[in-house]
Amino acid sequence: MDVEGGLLPAVQSTARRTSSSWGLQKATLLLAYQSFGVVYGDLCISPVYVYKNTFSGKLRLHEEDEEILGVLSLVFWSLTLIPLLKYIILVLGADDNGEGGTFALYSLMCRRSRMGLLNNINQGSLSAYDQKEPREELKSSLAIKGYFEKHFSLRVVLLLFVLMGTSMVIGDGVFTPTMSVLSAVSGLRIKFPELHENYTVLLACFVLIGLFALQHYGTHRVGFLFAPILLAWLGCIGGIGIYNILKWNPSVIRALSPYYIYNFFRKAGRDGWSSLGGIVLCITGAEAMFADLGHFSKLSLRLGFTIVVYPCLVLAYMGEAAYLSEHREDLQSSFYKALPDRVFWPVLIIATLATVVGSQAIISATFSIISQCRALGCFPRIKVVHTSSQVHGQIYIPEVNWVLMFLCMAVTVGFRDTEMIGNAYGLAVILVMFATTCLMFLVITTVWNKNILLAGLFTVGFGSIELTYLSACLAKVPHGGWLPLLLSLITLLTMSTWHYGTKKKEEYELQNKVCLDRFLSLSSGIGLSRVPGVGFVYSSAVSGVPPMFAHFVTNFPAFHRVLIFVSIQTLTVPKVNPDERFLVGRVGPPANRLFRCVVRYGYKEGRWDHFNFENQLLMKVVEFLEMHQHQQEEDGGEPGSSESGELSVIPASQQQVVVVDADTAPPPASCSGGSSSCEIDAAAGGVVSRRVRFEEPWGGAAAGRREAAGKNSGEVKTLMEERESGVSYMIGHTCVEAHEASPAVKKFAVNVVYGFQFFFHGESKSMAQQKESDVASWAEMLLYISHSQTPKLTAP
């Protein structure tokens with residue numbers, strides 16, 4: 001019995017470990033399955049048009065087996081080196097707390113050094129900024145960081161380089177749907193040769209209109225269909241590839257040798273180099289695997305690509321090359337001509353659906369990237385709609401959606417040919433990849449703290465390959481390659497101008513903030529009066545009194561009895577721990593009833609719970625008062641940081657929050673010093689729709705302390721009474737204009753470009769519209785304040 005009793009816990013522990021291991025494996029496999037519907041669509045649809053675009057130029061004069069096998073060898077090694085080795089094995093390891101993409105690499109450098117221009121003031125104590133394993137940095141790492149920190153111009157160039165890569169990714173949102181859909185519907189002309197080109201273009205436009213018209217429903221409504229479609233597509237091209245290899249030319253497997261690449265360039269010469277602009281299309285979508293990392297895990301992406309995607313793509317390209325070796329006259333339509341007649345129509349339908357899936361992936365990625373840029377102050381504050389209440393990453397941006405649709409249709413109608421679209425598409429893709437390679441050099445040396453020789457080996461190895469492709473794509477700028485450069489330039493100008501104007505506005509508010517003593521002396525001199533209610537003053541200033549509020553008080557000498565200065569910050573981390581989101585502090589003596597609250601978000605987080613946001617702020621102030629009263633009692637009654645102006649982190653778990661639907665109208669606000677709970681209404685004007693109740697964290701054990709803490713209970717009670725009197729919101733509006741002595745370029749950028757963006761998508765306008773919707777539900781008051789003085793940006 002003793003022996004059995006001793007074995008039983010060990011057996012149970014082993015069973016638990018086995019169950020936990022199986023649960024982890026099951027979750028990884030599920031993520032790998034879901035990734036087929038989101039990540040690989042663009043990469044998997046490439047076999048439809050790669051050979052056609054490769055042999056569309058002067059290379060069509062070279063139709064021997066050596067050239068065909070050489071193109072296959074280039075495709076195979078491009079897939080092996082770029083998507084597999086570079087992205088799946090290496091770059092996925094450079095994630096930013098699970099997030100990927102160009103901005104993820106840049107945010108890593110911003111946090112680990114002062115190389116970036118998006119470093120946040122008042123970061124406070126944030127666990128995401130702490131290095132997990134402190135270690136001594138190499139001399140090369142310190143030298144690179146010091147060089148960037150010493151030269152401000154290098155940091156500007158680095159930011160512009162990141163924005164350029166981001167602009168190219170946004171450009172992919174135009175070319176991927178256009179190229180994929182037009183290539184798929186062009187297959188109809190194989191069965192109907194007399195079909196005019198105008199009809200295929202018109203059909204492609206209808207498909208594009210339908211694709212973008214469905215975006216507002218959100219990918220979560222049709223997402224369950226995406227993975228089966230991509231798996232069916234991969235099964236089709238993989239199976240047909242095996243069929244063509246066995247039927248037409250089994251010896252095509254010889255092309256896996258790099259010798260055929262050398263032989264290809266030896267025979268094709270300059271024409272072979274020019275064809276690289278078409279071969280690069282086989283690796284389109286590789287960057288999406290890194291950009292979409294936040295929705296999946298590294299292991300799931302690695303499993304999905306290496307086990308399914310990579311073998312199927314290699315078989316598809318080998319099968320098409322085997323068919324071409326026996327049918328050289330079909331070079332311009334080899335994919336559909338290589339299909340057996342029995343499966344032509346099913347494959348055409350699946351191909352069209354797969355193009356929709358691939359287009360959906362890049363459109364969603366474009367929405368996500370623009371949302372990140374918007375959060376970090378690098379894009380105008382356009383409207384972002386969250387299409388799912390469960391998954392935050394599923395968003396919809398109406399203005400961007402319709403602009404993308406218009407551009408896609410314009411490219412489809414204007415170019416009408418996949419060759420010119422492919423030239424533009426290839427240039428956009430390879431520029432993004434080269435930008436990632438350059439940023440990885442800085443990440444390897446400054447973030448990973450690795451030897452500079454390893455970073456140089458990575459950069460030279462992959463950079464040389466990408467520069468070779470880039471040189472071929474640049475040669476096609478006159479033949480369609482100019483379009484991504486133009487779109488990128490416009491997007492870069494928009495993003496950089498908005499970032500510059502926003503930073504200057506923040507610097508103005510920081511330099512012109514009013515110190516508390518001066519504000520109080522000013523208040524006593526003009527006969528300031530306090531009116532009932534709670535006032536929320538929204539500003540970017542995290543210390544002192546915002547200049548717009550001092551401007552308001554000077555002209556209207558009255559403000560509320562309880563005043564809370566609110567600053568919303570976006571940090572260079574994907575997500576902020578809810579326990580570290582709110583920083584609360586007191587401004588001045590307790591008798592002033594002035595508070596400051598800094599709310600911190602990550603660049604991947606949303607802020608769509610606006611209904612309870614002010615309730616949360618009030619609760620955090622109450623928690624701050626309770627927490628510091630408790631701390632003061634433990635310190636023997638000495639004043640703590642609550643009166644020193646220091647901000648304290650209020651954890652999310654500090655209070656238990658219960659949201660209760662109210663059918664009747666209870667008392668608007670109540671808080672008793674002897675009880676352990678407070679209630680705040682979420683409506684006003686006699687119509688109560690929701691009530692929020694929160695309980696004090698110390699419960700009944702702290703009843704004695706609460707009875708002695710009459711002062712603190714009185715402050716909480718006063719806060720609740722003032723909340724019952726009403727809530728007002730004050731939002732500042734600062735106009736930005738260039739100085740008269742500024743150069744003409746700066747005047748145009750600031751007064752015209754930034755001014756136009758601010759007029760239509762201004763931050764204050766966006767915040768005001770959001771507050772107006774909140775006010776409509778709360779029946780409160782919004783006060784919109786505009787400066788009479790505008791900051792002048794002097795010439796450098």
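**Close-up 1. The lining of the largest cavity in this predicted model, to which helix α17 gives the most, with five residues.** The space in this cavity comes to about 260 Å³, and the structure holds five cavities of 30 Å³ or more. Altogether 25 residues line the largest cavity, and those nearest its centre are Val169, Glu287, Ala288, Ala291 and Ile369. Two or more lining residues come from each of the elements α5 (102-112), α7 (152-185), α14 (286-291), α17 (344-375) and α19 (418-447).

**Close-up 2. The aromatic pair formed by Phe76 and Trp77.** A search of the whole structure finds 17 aromatic pairs. In the pair of Phe76 and Trp77, the ring centres are 5.2 Å apart and the ring planes stand at 80°, so the arrangement is edge-to-face. Phe76 counts as buried because its relative accessibility is 15%, whereas Trp77, at 26% relative accessibility, counts as partly exposed.

**Close-up 3. An aromatic cluster and the charged end of a lysine.** One aromatic cluster is formed by Phe192, Trp233, Phe335, Tyr336, Phe344 and Trp345. Over the ring of Phe344 sits the charged end of Lys191, at 4.9 Å from the centre of that ring.

Close-up 4. When residues up to four places away in sequence are not counted, Thr80 touches Leu85 and Tyr310.

Technical notes. Residues numbered from 1 in each chain as written. Predicted model: local features only at pLDDT ≥ 70, side-chain atom pairs only at ≥ 80, totals over all residues. Heavy atoms only, no water. Phe/Tyr/Trp six-rings, centres within 6.5 Å; stacked < 30°, edge-to-face > 60°. Buried < 20%, exposed > 50% of the residue type's maximum accessible area, 1.4 Å probe, protein only. Lys NZ or Arg CZ within 6 Å of the ring centre and 35° of its normal. Contact = heavy atoms within 4.5 Å. 1 Å grid on protein atoms, 1.4 Å probe; cavity = no way out; pocket = protein on both sides within 12 Å on 5 of 7 lines; lining within 4 Å. Points joined across faces, edges and corners; volume = space filled by probe spheres on them. Helix = DSSP H or I, 4+ residues; strand = E, 2+ residues; numbered from the N terminus.
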